[in-house]
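Hi there,

I'm passing a structure on to you, as promised. Could you open it next to this message while you read?

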Amino acid sequence: MDWNALKLSLLLAAATLGVLLPLGVWLGRLLAWRRFPGKVLVEAALALPLVLPPTVLGFYLLVAMGGDSQLGQWYQALAGRQLVFSFDGLLIASLIFNLPFAIQPMQRAFEAIPIEVREAARCCGMSAWRRLWRIELALAWPGILSAAVLTFAHTLGEFGVVLMVGGSIPGETRTLAISIYDRVQAFDTAGAATMSAALLAISLAAIAISYLALNRVLRHARHD
Amino acid sequence: MGMKPVQARGPVVAAAADLQFALPELAAAFQQETGHEVRLAFGSSGNFARQIEQGAPFELFLSADQALVERLARAELTVDDGQLYGEGRLALFVAASSGIAVDSDLSGLAAAVKAGQVRRFAIPNPAHAPYGQRAEELLRAKGLWEALEPRLVLGENAAQAAQFALSGSVDAGISAWSLARAPGLTPEAKVVLLPADDHAPLRQRMVLLKSAGPVARRFHDWLLGSESRAVLARYGFDLPAQP
Amino acid sequence: MHAMTEHEAGLRVSLHQAAPIPLAVELTCGPGEVLALVGPSGSGKSTVLRCIAGLHTPAEGRITCNGETWLDTRARHAKPTAARRIGMVFQNYALFPHLSALDNVREALPDRCASDARERATRLLAKVNLQGLEHRRSHQLSGGQQQRVAVARALAREPRVLLLDEPFSAVDRATREKLYGELAELRRELAMPVILVTHDLEEAVMLADRMTLLSQGSSLQTGPPLTLMREPDSLDVARLVGLRNLLEVQVEAHEADYTRLRWGALALRVKRQADAPTGAVTTACLPAEGVLLLAARAEREADETHLPDGFDNPVSGIVRRYLSLGDRVRMTLEVPDAAGALLSMTLPRHLADRLSPTEGSAIALRLRGAVIHLIPTTRKG
């Protein structure tokens, strides 16, 4: 078991969650309840990472973050090293390829709240924060949990984009998934097997939690 | 001595995949002696050269082909022109389960090809792996390229190609001889060293990159020392003259 | 701050917009008064309610309540919903599904953290006959019970205005009858204006003091429900309240205690309506109850509905359609003396059976002039 790689994977997943959870709640609410011109395009763009091959995503990320790009040069000036092949570069990539996993379940959960319930909350004199906490999040939490769990698991498992944007720098960008690839090439079947089993267990647990939460939402909806 | 490393993380060394087994042993010995840790990354030399051009944070690069080091030096990404650390050799790998006869002039392979026994053949990707380029040259020289080209499975690097051949996923393959010397390889695998006459030499050159710190430099120098040379020789590398 | 004068108390609403839903509404509702907003679907009644609640802002409008300005589009002022202190009962109740009935009510209390908040919420639920059910969630309550929780929650707010958006439409008939009774009882204690949106005229008649009829966003007429139903201002209102008997008449003369109209070849005596100019051609309306059988003389004396007002207008009608509706029968009759105009009447079953009318047979009718109303000419069509 490559503990460094595991730590890196967990750190990447946690950092991704830290950014995408609040962002997802904000965007999920916005897309659930507001209409604006071009909304369909925005939703399609956010869903792209679901269908794009990781190599396409990786390619465009390299173009956007590489040494010749504006972003890359700005980062170089700031941090004294390249954005690609760094953990920060991985984090940016992770935020992008996880967008639909974070936003879509949350958007669905917010959409499931009947507009009348939110209006009733306003009529009850609840402040915006109290409405958010007591009504909206209280009703949408299964979707938020599902989003969190899926994002976490997906980050742990991402390979193609991580390899292209991060390379396989031990301790910096060699995540667990990359490490497995590395171990196979090194003829270390035992090591690869251990890490694969670990990832499998985590992914299974994630899906199970996500489905349990989904059932909860459906049960609520059926009773309305 | 076995001192614990002082700094949090050692320098990252990019190494050609044929050093997959040799280099960890060397790094361990280095740590044992100096207390310094180095982090190793293996892959195809061409890939690494590209990454270095894009700014990857490697401090030392051990290439399987000196042409790549020269390219980096011309781009002023290196400290100097680098040093030759060994010369690599090709080997034919055949899975134990395969019935192909192994011999160093590839006549057994040629017979198998003629008899249609070779459905899939692995080499490292010639596009960016030096061992792959040499494998292609050798196969062309032996007149086997045309027959084998449609049956090729390209490994990302020398190690992956060898892994394909030894796992039985392909019938046979050509990759780095140094990988065959690895301990723990299944004893029933058949491997034979191939002569260097029919392909350009694999002059393996290493170079310090501009960002190299003191530990990387020390490791670079240590790799040219006698202890390191002995290990490399054990793994089948032909050694250059002692500097 | 000057003392509130009488005409400032209560709710005053003025709303105008062209899109997305057209509105042209003026209404007022005094403290303790129940105003019904009635109209067909799409007439904008829910939109009006939502404007009052602050859930929708019209293009142009002004809303004041007890002297406080809630909305003034010209001054770009719109008080947020939470600040208006309104209580609203939604059509599907909109209870918070994850909270108990008690917590639903508690959320609406102006001071929900007070130590006695629980007791106050419990008392409110008891007031709507839900004692013992405080800890149930909405999916564990029947439709009628949910409605009561919604009412309790609206009242918990100590609202300045109570808004009810078709609160009875989602329950079955038996429950609805029960809830009518409960609301009628409750409203005696309510001191604030109450606006009830419904598409059911009977509900409006039963529960409301005044009624505003809406059609395509415009308020057509406001007044006590029975007035709208008996004395509509216009043909649109007449049709919307379900008056089927619309007679093309001409005002002949105004006598001392009656008005004489000409309907085709017939002369009708109706209650005196002197504001209709003599000679004017207009439409008169007559409810279905105003068309009765002309009984034999002996029966006439015993018949209660035969009032000695001399306004019975005998008319002969030919049966054209006969519709059996359970215990009542609806007939459409053609009046040859009025150029073939059609009349609609309803009869209890037993009377219809006694008559056993057939298509084309003639029946002797009387039209009660006391309930014949002249629709003002100016608002015709």
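A word on conventions: residues are numbered from 1 along each chain as its sequence is written, while chains are lettered from A and ligands numbered from 1 in the order in which they are written. Please keep in mind that this is a predicted model, where local features need pLDDT of at least 70 and side-chain atom pairs count only at pLDDT 80 or more, although totals for chains, interfaces and linings use all residues.

**How the chains meet**

Of the 2 pairs of chains in contact, A and C share the most contacts; two residues are in contact if their C-beta atoms, placed from the backbone, lie within 7 Å.

Between chains A and C, 17 residues of chain A are in contact with 19 residues of chain C. On the chain A side, helix H7 (115-123), helix H8 (128-157) and helix H11 (189-223) are the elements that give two or more residues. Helices (H or I, at least four residues) and strands (E, at least two) are DSSP runs, numbered from the N terminus. H7(A) gives the most to this side, with 6 residues. By class, the side of chain A that touches chain C has 9 nonpolar, 4 polar and 4 charged residues. Here Ala, Val, Leu, Ile, Met, Phe, Trp, Tyr, Cys and Pro count as nonpolar, Asp, Glu, Lys and Arg as charged, and the others, Gly among them, as polar.

**Chain C**

Chain C is divided into domain 1 (6-234) and domain 2 (240-379), with bounds that come from an automatic or database domain assignment. The centres of the two domains, taken over C-alpha atoms, are separated by 39 Å. Where they touch, 10 residues of domain 1 of chain C are in contact with 11 residues of domain 2 of chain C.

**Chain B**

Chain B holds 10 helices and 10 strands. Its radius of gyration (taken over C-alpha atoms) is 18 Å, close to the 18 Å that the globule rule (2.2 Å times the number of residues to the power 0.38) gives for 243 residues, so chain B is as compact as a globular protein of that length.

Chain B also has two domains, domain 1 (12-87 + 203-234) and domain 2 (90-193), and their C-alpha centres lie 26 Å apart. In chain B, 16 residues of domain 1 are in contact with 16 residues of domain 2. On the domain 1 side, strand S2 (39-43) and helix H2 (45-53) of chain B each supply at least two residues, and H2(B) provides the largest share, 3 residues.

**A sheet in chain B**

S2 turns up again in an open sheet of 5 strands in chain B, with the order S2-S1-S3-S10-S4 and mixed pairing; two strands pair if DSSP finds at least two bridges between them. S2 and strand S4 (83-88) of chain B stand at the edges, each with a single partner strand, so one side of each is left without a neighbour in the sheet.

Strands S3 (residues 60-62) and S10 (residues 202-208) of chain B run antiparallel and are joined by 3 bridges. B:Phe61 has B:Val207 in S10(B) as its bridge partner.

Best wishes
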